[in-house]
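Here is a quick walk through a fold, meant to be read with the model open beside you. Start by getting it on screen.

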Amino acid sequence: MPRVAFVAMSGFRIREAEMLALGMTLPGLAARAGAIGSLPSLGLLTLAGLTPPDWDATWHECNGDVRAMAQRISSERPTLVAISALTASVLDAYALADMLREEGLQVVMGGLHVSTCEAEAIAHCDAVVLGEGENVWHQVLHDAQSGRLQPTYRAAAPANLAHAPIPRWELLSGRERPRYTLQTARGCPLACEFCGASRLLGPFREKPAAQVAAELAAITAQQPRACIELADDNTFAGKRDAKELLNVMRASGVRWFTECDWRIGERPDVLERLAESGCVQVLVGVETLALGADAYGGLGAKRAELTRVMDALQRVQDAGVAVIGCFVVGGDQDDESSIHALGEWLIQSPLADVQITVQTLFPGTGLRAKLERAGRLLPDRSWESCTLFDVGYQPSRMTVEQLERAFRNVVAMVHAPSEHARRLEIRQRIWGRRYAEPR
Ligand code: SF4
């Protein structure tokens, strides 16, 4: 029987030693890093769901020990190895692919990074899948079985989410998961300059509620009271009926968490049902307002906009759902004092939790292209700097070292144990006695 080995490059990575040491000691940050690092790769599980029953499928997660992983996979002698990696782990993925090919195995790679860096990736594997994998996966398997993989596969049309396969959750058996993942929408109708996820894999699409219900049933069959992190870029950004989606979530009995934008705080149709649907937390990007001191200390339009956003987020919390405010530092308007001002502002903010990252130049984004044209990419920092916690470019109004220091300082300020305790109290107030602290 032919066999495909699925390999997810997992784990959470930080390049800069001081930031890594700091991150691992701060309570909220370490917990969030652990949760992100252990999320299963939904893309590969979905392809596993499309793999015909006359193929054997095995599952592997590689969190850094590439040589041991290569030996383990090689001992299985799979017909094909399918690797998916994020930008921060792609160099490890290339090293693994190189070792597997030296063992005579066929390797295909896919995912956001590979889709935007085709020439780089094909030097390390037999084939790359550009964009979504669903509509080309059967062809990849067929060609691998006959030993005739083509160098590239690109779907002729976007995948129809109404016919999405059920991810093969049972492949994870024996590996307890703090969170499962499920996608209810792909992409985002907005187009922020720094965003690598919004449209790179195709147009924005929403999954019908009936399909979401079927996938929820598959997860709850594995774990009845599962905690789910939706793998959506912006769950409520489209035009679908939010009520229908929220009713499906409620009926499943799961607790869930997602990413969306602040406008849900101005939507009664969402607010009325969000908490009762099992939604515990939403992560909301406030990043575009955070780029510059004006947003915190100045007056005028930006300040008015920030007030409107914070009022909307307070309404979400008043509805029983905690908000993790997501802030990005290091934009062209930032300097050390504006980053410090952000920290001062955050330690007084009513947000239930906070995520601060440094501006990151993901491949395929307009922001990366702009800074590359301006000669501002740091030559000694490669993809392993795309962690959200490492600086990979020359800032506009400070040195690299100043940005790194200001970032470490604001992270330490906002994730101090006293702040962690303060925000925990806010969360407990929001949830009342209904929920335990999500892992
Ligand atoms: S709103 Fe969020 S998901 Fe949408 S483009 Fe902007 S950053 Fe990306």
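## Two helices side by side

E336, I339, H340, L342, G343 and L346 of helix 15 meet Q402, A406, F407, N409, V410, M413 and V414 of helix 17, where meeting means that C-beta atoms, placed from the backbone, lie within 7 Å. Before going on, note that this is a predicted model, so local features need pLDDT of at least 70 and side-chain atom pairs count only at pLDDT 80 or more, while totals for chains, interfaces and linings use all residues. Residues are numbered from 1 along each chain as its sequence is written. Helices (H or I, at least four residues) and strands (E, at least two) are DSSP runs, numbered from the N terminus.

How do helix 15 and helix 17 pack, and at what angle? Helix 15 covers residues 336-346 and helix 17 covers residues 400-414; they pack at about 5°, and their axes are 9 Å apart. Axes here are lines fitted to C-alpha atoms, for helices over the stretch in contact, and angles run from 0 to 180 degrees between N-to-C directions. That angle makes helix 15 roughly parallel to helix 17, the label for angles under 35 degrees. The contact's residues divide into eight nonpolar, four polar and one charged. In that count Ala, Val, Leu, Ile, Met, Phe, Trp, Tyr, Cys and Pro are nonpolar, Asp, Glu, Lys and Arg are charged, and the others, Gly among them, are polar.

I339, in helix 15, is worth a click. Why is I339 buried? I339 is buried because 25 other C-beta atoms lie within 10 Å; the cut-offs are 20 or more for buried, 12 or fewer for exposed, and partly exposed in between, with C-beta atoms placed from the backbone. Setting aside neighbours within four places in sequence, I339 is in contact with V329, D334, A406, F407 and V410. The C-alpha atoms of I339 and A406 are separated by 6.4 Å, though the two residues are 67 apart along the chain.

Next comes an open sheet of six strands in the order 2-1-3-4-5-6, with parallel pairing; strands pair if DSSP finds at least two bridges between them. Its edges are strand 2 (56-62) and strand 6 (152-154), each pairing on one side only. On average, neighbouring strands of this sheet are turned by 20° against each other, direction ignored.

Helix 3 (residues 42-50) packs on this sheet and touches strand 1 (3-9), strand 2 and strand 3, its direction making about 145° with that of strand 3. Helix 5 packs on the sheet too, touching strand 1, strand 2, strand 3 and strand 4, and its direction makes about 165° with that of strand 4. In helix 3, the buried residues are G43, L44, L45, T46, L47 and A48. Their cover includes strand 1, strand 2, strand 3 and helix 8 (137-145).

Strand 4 (residues 107-110) sends V107 and M109 one way and V108 and G110 the other way, and all are buried. Strand 3 (residues 80-84) runs parallel to strand 4, with four bridges joining them; V81 stands opposite V107, and I83 has M109 as its bridge partner. On to strand 5 (residues 127-130): two bridges join strand 4 to this parallel neighbour, and V108 stands opposite A127. Strand 3, helix 5 (residues 90-102) and strand 4 form a right-handed β-α-β unit, right-handed meaning that, with the strands pointing away from the viewer, the path from the first strand over the helix to the second runs clockwise.

## Around strand 11

| Parallel pair | Bridges |
|---|---|
| Strand 7 (residues 180-182) and strand 10 (residues 227-230) | three bridges |
| Strand 10 and strand 11 (residues 255-260) | three bridges |
| Strand 11 and strand 12 (residues 279-285) | five bridges |

E229 of strand 10 is the bridge partner of T181, and E229 also stands opposite F257 in strand 11. C227 has R255 as its partner in strand 11, while W256 stands opposite C279 in strand 12.

Is strand 11 buried or exposed? Six of its six residues are buried. R255, F257 and E259 point one way, and W256, T258 and C260 the other way.

## The whole chain

Zooming out, the chain has 18 helices and 14 strands, and 46% of its 439 residues are buried.

Notes:
Parallel < 35°, antiparallel > 145°, perpendicular 65-115°, else oblique.
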